[in-house]
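Subject: Structure handover

Hello,

Here is the structure I promised to pass on. Please open it alongside this message; my notes follow below.

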Amino acid sequence: MELSVTTSHHDDVSVVTVEGEVDVYTAAQLRQTLDQEIADGHVRLVVDLDTVTFLDSTGLGVLVGRLKLVRNDSGWLRIVCSSERILRVFRITGLDKVFGIHDTLQDALAA
């Protein structure tokens, strides 16, 4: 399946909306988009995974790596996800304790 990654800006927060499957074949596209946002000076990121249908360890690695990068610049990376299937991946790996995970984009922006 293809991956769609789009970016929008809400004040000083970059929102990266991801749709489809994030796996070993598509994770580079997500990495490239996040890296471009960070290179452009956007270190407050919300990654909206609400329409992601699959997320593997490669995708998780991209998110963890970008979280480390933005934290080095006093930034943050929050996740939007209400899919139980995707949330289970965060729980199993313990990353639900690392990322701020929110049910809606509004919640993530307000946090």
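V70 is buried: its relative accessible area is 0%, under the 20% cut-off. This is a predicted model, so please read every value here as computed from it. V70 sits in helix α2. Leaving aside neighbours within four places in sequence, V70 is in contact with I38, V43, L45, G75, W76 and L77. The C-alpha atoms of V70 and D35 are separated by 10.0 Å, and the two residues lie 35 residues apart along the chain.

Helix α2 covers residues 57–72, which makes 16 residues. At 1.5 Å a residue, α2 should span 22 Å. The end C-alpha atoms are 23 Å apart, which agrees.

Which residues of α2 are buried? They are G59, L60, V62, L63, R66, L67 and V70. Seen down the axis of α2, these buried residues fall within an arc of 155°, so they line one face of the helix. The face turned away from that buried side carries the exposed residues S57, K68 and N72.

At its start, a side-chain oxygen of D56 comes to within 2.9 Å of the backbone nitrogen of T58. Just after α2, S74 has a positive phi of about 60°.

Helix α3 can be read in a similar way. I86, L87 and F90 are buried in α3. They cover an arc of only 100° around the axis, which puts them on the same side of α3. R85 and I92 are exposed on the other side of α3. The buried residues of α3 pack against β3, α2, β4 and β5 (100–102). Just after α3, G94 takes a positive phi of about 80°.

Next, a buried serine. S14 is found in strand β2. Its relative accessible area is 0%, so S14 counts as buried, a label for values under 20%. What does the side chain of S14 make a polar contact with? The partner is the side chain of E37, at 2.6 Å. Not counting residues up to four places away in sequence, S14 touches S8, H9, E37, H42, R44, L45 and V46.

Last, the chain as a whole. The chain has 4 helices and 5 strands. From the N terminus on, the order is β-β-α-β-α-β-α-β-α. With 111 residues, a compact globule would have a radius of gyration near 13 Å. The chain has 12 Å, which agrees. Its C-alpha atoms fill a box of roughly 30 × 25 × 20 Å along the principal axes.

Buried residues make up 43% of the 111 residues. Among contacts with a separation of 6 or more, residues 24 or more positions apart account for 65%. The chain exposes about 5,900 Å², and carbon and sulfur atoms supply 48% of that area.

Best wishes

Methods
Residues numbered from 1 in each chain as written. Predicted model: local features only at pLDDT ≥ 70, side-chain atom pairs only at ≥ 80, totals over all residues. Heavy atoms only, no water. Helix = DSSP H or I, 4+ residues; strand = E, 2+ residues; numbered from the N terminus. Expected span 1.5 Å × (residues − 1). Buried < 20%, exposed > 50% of the residue type's maximum accessible area, 1.4 Å probe, protein only. Arc of directions from axis to C-beta. Polar contact = N/O pair within 3.5 Å; in protein donor to acceptor, adjacent residues only side chain to side chain. Rg over C-alpha atoms; globule rule 2.2 N^0.38 Å. Contact = heavy atoms within 4.5 Å. Areas by Shrake-Rupley, 256 points an atom, 1.4 Å probe, with all protein chains shown as cover.
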